[in-house]
Amino acid sequence: MYILNVSILTQKTISERISYSGIGIHTGEKVNMNILPASPNTGIVFKRIDIKENNLIYPLYHNVVDTTLCTTVANDFGIKVSTIEHLMGAFYGIGIDNAIVELDSQEAPIMDGSAKVFYESISKAGVKFSDQPIKIIKINKEVKLKYNDKFISINKSNITSDIEFEIKYKNNVIKNQKNKINIFEDDLKVIFNSRTFCLYEDIEKLKKLNLGKGGNLDNAIVIKDNKILNESGLRNNLEFVNHKILDCMGDLFLSGYKIIGSLKCSQGGHRLTHELLKELFKDQNNYSLIEIKGKQLPHIFTNYQNLKSIA
Ligand SMILES: [Zn+2]
């Protein structure tokens, strides 16, 4: 146990290369993706291996170029990678600090619409600990944004990192759902397993936007009036809001670090989380970037639940 707790203070990567094949939910294109171990202080780096030059893209908030139904980042040469939020959510929740993600197409594979496959494959491959300390962002001052009925805020917290999320739908299956998670304490399996969802009547709108071309009942929950069209139904009672929490975790990791703070969101999504990060980093008084050393570490910051399921 002692060794485990000490190791949590240091940066982590995956133990071995992991490969995936799938399709992009929006482009409908086939894609192969590999996650490779990376040395400390690399961060998460996407590499478009279908392009020979200028093919590295850093998933950071200032590289976001689109937040329509997914998060898209690009480098200075206009090379993009999209729908990165579920993989980024898995990295954030598990505590992977460094990895190279190779893709041979623009969009990350949607797999089953959740982060289940990413979580399970990383757990199976295992996590490799380095001797380099992790850095975290600590919130010093509340930052909040409101757009009509949507709301997001992040406030300081002594030791925890929590997300409280609420959705309000007119649809009778989704209705109002609310959940709160503590990223470092809770078993996040239920969050990783929660799939993306879509109202049947919105499918036509998606097609007009040239989006959702790879979407089907194997990678999204589809709700038509009072009915879930997927034969196996839901994976958990709060699957809709839990998926929004997964998206939020993934989008928060575009800060580049773990965040110690308390986030609240009502009716938000990729755009709102992105706007929050922009607002947060506008003023250096809002946050501190700190390096975690052994003695500073609160007991609660051990991510024990997540690591336990990986070990
Ligand atoms: Zn999502």
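Colleague: Which residue in E18 does Ile223 stand opposite?
Modeller: Happy to look, bearing in mind that this is a predicted model. Strand E17 covers residues 221–224 and pairs with E18 in the antiparallel sense, over 2 bridges. In that pairing, the residue of E18 opposite Ile223 is Ile228.

Colleague: Which strands are the edge strands of that open sheet?
Modeller: The sheet has 3 strands with mixed pairing, in the order E16-E17-E18. An edge strand here pairs on one side only, and that holds for strand E16 (197–199) and strand E18 (227–228).

Colleague: And what angle does the direction of helix H6 make with that of E17?
Modeller: Helix H6, residues 239–252, packs on the sheet and touches E16, E17 and E18. Its direction and that of E17 make an angle of about 135°.

Colleague: Let's move on to Gly24: is this residue buried or exposed?
Modeller: Gly24 sits in the loop between strand E2 (18–23) and strand E3 (30–37). Leaving aside neighbours within four places in sequence, its contacts are Glu29, Val31, Glu107, Ala108 and Gly214. Buried means under 20% relative accessible area. Gly24 has a relative accessible area of 0%, so this residue is buried.

Colleague: Good. Which backbone oxygen does the side chain of Asn75 reach at 3.0 Å?
Modeller: Asn75 belongs to the loop between strand E7 (72–74) and strand E8 (80–82), and counts as buried at 14% relative accessibility. A polar atom of its side chain lies 2.7 Å from the backbone oxygen of Asn54. At 3.0 Å, the side chain of Asn75 reaches the backbone oxygen of Leu56.

Notes:
Residues are numbered from 1 along each chain as its sequence is written. This is a predicted model: local features need pLDDT of at least 70, side-chain atom pairs count only at pLDDT 80 or more; totals for chains, interfaces and linings use all residues. Side-chain values use heavy atoms; hydrogens and water are left out. Two strands pair if DSSP finds at least two bridges between them. Helices (H or I, at least four residues) and strands (E, at least two) are DSSP runs, numbered from the N terminus. Contact means heavy atoms within 4.5 Å. Axes are lines fitted to C-alpha atoms, for helices over the stretch in contact, and angles run from 0 to 180 degrees between N-to-C directions. Buried means under 20% relative accessible area, exposed over 50%, partly exposed in between (1.4 Å probe, protein chains only). A polar contact is a pair of N or O atoms within 3.5 Å; within protein, one must be able to donate a hydrogen and the other to accept it, and residues adjacent in sequence count only if both atoms are side-chain atoms.
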